[in-house]
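Have the sequence and the 3D view open as you read.

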Amino acid sequence: MPYPRDCFDVLNQCKTPSKRSGVYTIKPVGYPQPFEVYCDHRDALAGWTVIQRRFDGSISFNRNWTDYKNGVGFLGSEFWLGNEKISYLTNQKRYQLRLQLENAAGNAYYVTYDHFRITDEWGNYSLVGNNVPVGKAISGHTHIPMETPITWCPTNKIFSSAYCETSCENPRECINITSEGPERCVCPEGYMILEGMCIPHTRCGCYINESDIVLAEREMYVSLDCSWRVNCSKNSFLFGLGYKCSTEATCEDRGSLRRCFCNEWFEGDGEICTRSGPRDCDDLSYAGASENGNYTIYPIDWPDSNGFQVHCDMQTDGGGWTVGGLVVGGWFVLTADTKLYRDYKNGFEYKDHNDHWLGNDKINWLTNQRLYQLRIDLEDNSGSQFYVLYDSFCIGNESDNYRLELDQYNGTADSYIEWCPINTNYSSNRCEKSCSDPSNCVTTSPEDDERCICPENYMFQDGECIPGNECNCFVAETGSILTEGVSLVMPSCNRRYSCINDQLNTNSGYGCSSNAVCEIRNGDLGCFCNEWFRGDGESCSRYGPKDCYELYNSGVRSDGTYTIYPSGTSGFQAYCDMSNGGWTVFQRRTSSYVSFNRNWYSYRDGFGSVSGSHWLGNDKIYALTNQKTYQLRVEMSNSGGSSYYSRYSYFRISDESNRYRLSMTYSSGNAGNAMSANSGDRFSTSDREYDGSSTFDCADKHRGGWWFPSDSSTSSSSYCYKFSYTRSTGRYQDYDCKCVCRGCPRSHPHRKGLCRSRASILIMIIFIMIIETPIAVVGEKLRRPSTTLAELPTSTEITGAAITAEYFGTNIVVLQEH
């Protein structure tokens, strides 16, 4: 059924007429696809297609051309249907336009235009129609006579009883304001009055786009990034000179003002800022600093604009003390006479001891900018603390030889203080350590016996107490000390440190082999060889897996293709039967698409896909079977689902120079011992005959390579042995190796009796060979059938290219170590 063209069609549909207002699907003539519209089917308004609804301000109708072309909003609330749809609607037949209006008091009105249509986008959706309206109040509301005209508000104004009108000249204050009152046309929010007209605020002369504000007369504005500044004058901008913050200022809002403000310890207008402090640690304390530490200060008129660093004591006696000199453990006092004049002038420090002298020039500058006290704090090794305090302290400049001026003294340091030797301190600690044994105590003393000892992080070396980082085998990279003979590897394993003969040896060439990982094992970090590799981590050599059984023992349990590494090889892929204990497959025949009639080199190197029909390769089988002792297992099944196997307790072949001679010993199985005659035989292919037969080329006759027996091992010298061969193109069997063609010609004497009579017995032959290790873990892969070997057809023989052609449909040959 075709779609209705409009809501009037919806109302008058024959089969499913609907008189309920709601959303319906229509398709105007020529419009490419159906679309939904809202249909107004109220009694007096039945059949009207609604193109716009506005009643609660839930969406903005201040839209661009594309939005009005395609439509905006939701049919269940406010929306505009879309000019393109309205154009198709109004140009398919003659339409009326009806506008329904309702004021704030709930009075409803309407206007109807008898002829309404719009053009297409090419014509800019121009409005075409009869501009003579008729209208009246809608039933149920206050009636207004039909001839009463409707008052339309001027452009951009709306009818409202609550309003606050603003102007472009004074955007912050209301010109007219009321919360309740008679309705009238007002300039709404987002619009402003300019020269009597209501315009969008964005059209005011002093509108700032980046902040969406309008500047008042003579108001200044600084941009969000403080890169420009303007003033508003007579509804237009006056741009000032380039505005830019000083490098010591920040662009930010403070209160209601945005501009460049000088940072802490600077003063100025933000464009130019000069440093004003901190002059000393007391300034920093006053500003809120409460932690002891190093700070930069800027005494008045100090010549270097970068200031200088001092240590501030923010906790002693109210805090704010600028430390001019610090002495720990008596070291500084004992060696002061070794310092030169310029050192005391400029200052010096020993970071490892925290000892320092600030410098006479700096102390001079500090103590002459205002009144200072001098405090000297002391502490003995028992923890007793003393201090000396001078109420006034300053020193002269260099020309006055830094003359000292002190005033009133008081304090608690009335006794003589004894200093310990270099780096030692007074303590009852009972443990001292040495560079050669940094983990254990080398001397002990009674717990209460105070004496000068080598403290924590210091070590004895050659009778002296030195910082731990001065030990010969100290590793700066980790902050640790190595004992004799111990090595330490860095986290990325690119470097190794060793302590040898009390000297630190650095091996920057240390690195992991490509077959190793850098990790922690048993608490030690280093290079460790990966699985199946061994060595010291820097050099790793492969040692396995040598076969599928080794993979099985390592935890692998999924059948599939794996890479193995028999002794003397660089590795190759083989199929592993893991479901039965780790057998290594070296032959599989599952499809006639892979030919086994190959030359000597193909059988030497292998052919086919290891996951399908394939021969692994005689060189690989030689490498496999000569690294351990293996057994062979042949598994077979026919198309009827019966399964058979033969197991050989010993299996091995020689190398190519010995023509891959076969050695094997039969063990058990329900498929007989058909291959025993092959033990001792050499491998033959169609291009290299080593079968020992004086009558036939067995590899050529049997379409494949194998360990074919000599005349003496067969029951007749007139044939290689029983032969059968099956392909999808035909089935042939003979006992004199004469039937070797791909398809028997009609004149062939056996065609009628043999080729046709057994063509449906077998479709394909599956032939798999597997190698594995210990015998104890291997069970029979296939269910033992009820049929015995004696019940098999007499043509059943294990031969080279085709193990059976008449009875067996699946066969597996497996090897296992024992």
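Is R218 buried or exposed? R218 is exposed, with a relative accessible area of 75%. Here, buried means under 20% relative accessible area, exposed means over 50%, and partly exposed is in between (1.4 Å probe, protein chains only).

Before going on, a word on the ground rules. This is a predicted model, where local features need pLDDT of at least 70, side-chain atom pairs count only at pLDDT 80 or more, and totals for chains, interfaces and linings use all residues. Residues are numbered from 1 along each chain as its sequence is written, and side-chain values use heavy atoms, with hydrogens and water left out.

Now for the backbone. Most residues other than glycine have a negative phi, and most peptide bonds are trans. R218 has a positive phi, near 70 degrees, and isn't a glycine. N401 isn't a glycine either, yet its phi is positive at about 55 degrees. N401 counts as exposed, at 61% relative accessibility.

Then there are the cis bonds. The peptide bond from G277 to P278 is cis, with omega near 0 degrees. The bond from G544 to P545 is cis too, again with omega near 0 degrees.

Where do these residues sit?

| Residue | Loop between |
|---|---|
| R218 | β19 (213–214) and β20 (220–222) |
| P278 | β26 (273–275) and α4 (281–286) |
| N401 | β35 (393–395) and β36 (404–406) |
| P545 | β50 (540–542) and α8 (548–553) |

Note on methods: Helices (H or I, at least four residues) and strands (E, at least two) are DSSP runs, numbered from the N terminus.
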